[in-house]
Amino acid sequence: MTDYSGPFRPDFKLEDLGHDRLAWYNREVQLSNHIHDRGIMSMIAIEYGAEAQTKVAIDEWMGSSPIYNFRNRQLMNIGGDDVATIFKGFQFDIGAPDTFLQFHYKLNSPKEGYFWLSHCGAYNHVRRMTNANPKSEIQICHHMEDPTFDATVMAVNQQARCTPVFRPPHSEVPAEGPCRWKVSIGDTLTLPEANPYTAVIAQSRAANFEFSKPRAGGPGLADYSGCFDPGFTQEKLQHGVLARQCREFALDVHLLQKACYASITDSFGAAVAKSLAARQWEAIAPVYTHRIRKAANIHDNDIDAILKLLQLDPFLPDEYLRYGVARCDDGSGVLWIEDCEALAETQPRAMLELLREGEPGGLQAVVQAINPQARVAAIAPGECVAAG
């Protein structure tokens, strides 16, 4: 399929998309995490202040990045503990979607290297939103990045550190980009304090979930066990491996959400966390749904378009969340969730917890982003004939 502009397919799988279209969708899944982050962090800042926002952001990334870094290295057969391995991990980091963040790498030795960003969408967003306020730039590029970058490189090697060469605040952004960082491996035995949420999220079913094996064969890389490639892009993967990576990135977003909402729950209570999850989904749904529509070339607003976009929703992590959609008639359809790891999860569930409890607000925001007249209502399992 060159795109998903054709008929609705109840049995649609990501593998059905052509390779270039699938790679485009893959970047959109990565970017959906930044959209999630912009939604929830702005709410925290408005209601609880910048200090609370910084704490939740640090807990979110430090609580999840060591886990998904390890998961991606396992999936891609990335071994070792040197700087090249760390850079490979960056290339599969959900927080670094290609083109939105333009990373460049220079590997000097197994124990030293540099990376820099010629373009950083996250930084540009903060700079525009705050009119280049130095305090805001320091918040994101110092207070948030210092501990979280170290946590990411230390997921590969406990003696690794990430130190800035230069970074914001800037009166004028340098021609080569906003920041440059050194990654080095030394003999230091002083370890920073671990984030408490890492251990919590590590015990979740999501953190330990295993995807089905990808369809083998075809052109491209079956894994990334070879030499570090500074110009690596997801297009270089075999088609089945790329589809699995789309699913992994969707799960990585969920892991970030779990750490985020675990921190929110501990700081402000479960009721606040649940309320924020519903409001967040409603706030971000129009943004990411519009982008997925464009990526899949779905421009209609009928029930088929709604069902197709639910099949592609990056906040419904496929396989971990086993779900299906079916068309009933010209004006209605059903979505159902089957027995799966997501339903059995006992750790913080974030936005997916709304589905478990039958809260329709998040899904309704998604479908109304496609058609403002659409409505979502929970039904009894026996009413969903399509689920079998």
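Student: At what angle do helix H1 (residues 19-48) and H7 pack?

Tutor: This is a predicted model, in which local features need pLDDT of at least 70, side-chain atom pairs count only at pLDDT 80 or more, and totals for chains, interfaces and linings use all residues. Residues are numbered from 1 along each chain as its sequence is written, and side-chain values use heavy atoms, with hydrogens and water left out. Helices (H or I, at least four residues) and strands (E, at least two) are DSSP runs numbered from the N terminus, while axes are lines fitted to C-alpha atoms, for helices over the stretch in contact, with angles running from 0 to 180 degrees between N-to-C directions. The axes of H1 and H7 lie 8 Å apart, and the packing angle is about 5°.

Student: How are H1 and H7 oriented to each other?

Tutor: Angles under 35 degrees count as roughly parallel, over 145 as roughly antiparallel, 65 to 115 as roughly perpendicular and the rest as oblique. H1 and H7 are therefore roughly parallel.

Student: By class, which residues does the contact of H1 with H7 have?

Tutor: Contact means heavy atoms within 4.5 Å. Ala, Val, Leu, Ile, Met, Phe, Trp, Tyr, Cys and Pro count as nonpolar, Asp, Glu, Lys and Arg as charged, and the others, Gly among them, as polar. The contact of H1 with H7 has 19 nonpolar, 9 polar and no charged residues.

Student: Where is Ile 40, and is Ile 40 buried or exposed?

Tutor: Ile 40 belongs to helix H1. Leaving aside neighbours within four places in sequence, Ile 40 touches Cys 260, Tyr 261, Ile 264, Leu 276 and Gln 280. Buried means under 20% relative accessible area, exposed over 50%, and partly exposed in between (1.4 Å probe, protein chains only). With a relative accessible area of 0%, Ile 40 is buried.

Student: Which residues have the most contacts inside the largest nonpolar core, and which helix gives the most to this core?

Tutor: A nonpolar core is a set of buried Ala, Val, Leu, Ile, Met, Phe, Trp, Tyr and Cys residues joined through side-chain atoms within 4.5 Å. The largest one has 109 residues, and those with the most contacts inside it are Phe 87, Phe 115, Tyr 261, Ile 264, Trp 281 and Leu 312. The helix that gives the most, with 14 residues, is H7 (residues 239-268). In soluble globular proteins, nonpolar side chains tend to be buried together.

Student: How do H7 and helix H8 (residues 270-296) pack, and which residues make the contact?

Tutor: Their axes are 7 Å apart at an angle of about 140°, which makes H7 oblique to H8. A crossing is left-handed if the near helix is turned anticlockwise from the far one by less than a right angle, and right-handed if clockwise; H7 passes H8 in a right-handed crossing. The contact is made by Gln 257, Tyr 261, Ile 264, Thr 265 and Phe 268 of H7 together with Ala 270, Val 272, Ala 273, Leu 276, Ala 277 and Gln 280 of H8.

Student: How do the residues of the contact of H9 with H12 divide?

Tutor: The axes of helix H9 (residues 303-311) and helix H12 (residues 361-370) come within 9 Å and cross at roughly 130°, so H9 is oblique to H12. Their crossing is right-handed. H9 brings Ala 305, Ile 306, Leu 309 and Leu 310, and H12 brings Leu 363, Val 366, Val 367 and Ile 370. These residues divide into 8 nonpolar, no polar and no charged.

Student: What is phi of Asn 297?

Tutor: Most residues other than glycine have a negative phi, and most peptide bonds are trans. Asn 297 sits in the loop between H8 and H9 and is partly exposed, at a relative accessible area of 25%. Its phi is positive, near 60°.

Student: Which residues does a cis peptide bond join?

Tutor: Look in the loop between strand E3 (160-166) and strand E4 (179-185), the place of Pro 169. Omega is about 15° for the cis bond, which joins Pro 168 and Pro 169.

Student: What is the relative accessible area of Asp 339?

Tutor: Asp 339 lies in the loop between strand E6 (332-337) and helix H10 (341-344). Its C-alpha atom is separated by 7.1 Å from that of Arg 322, 17 residues apart along the chain. Asp 339 is exposed, and its relative accessible area is 66%.
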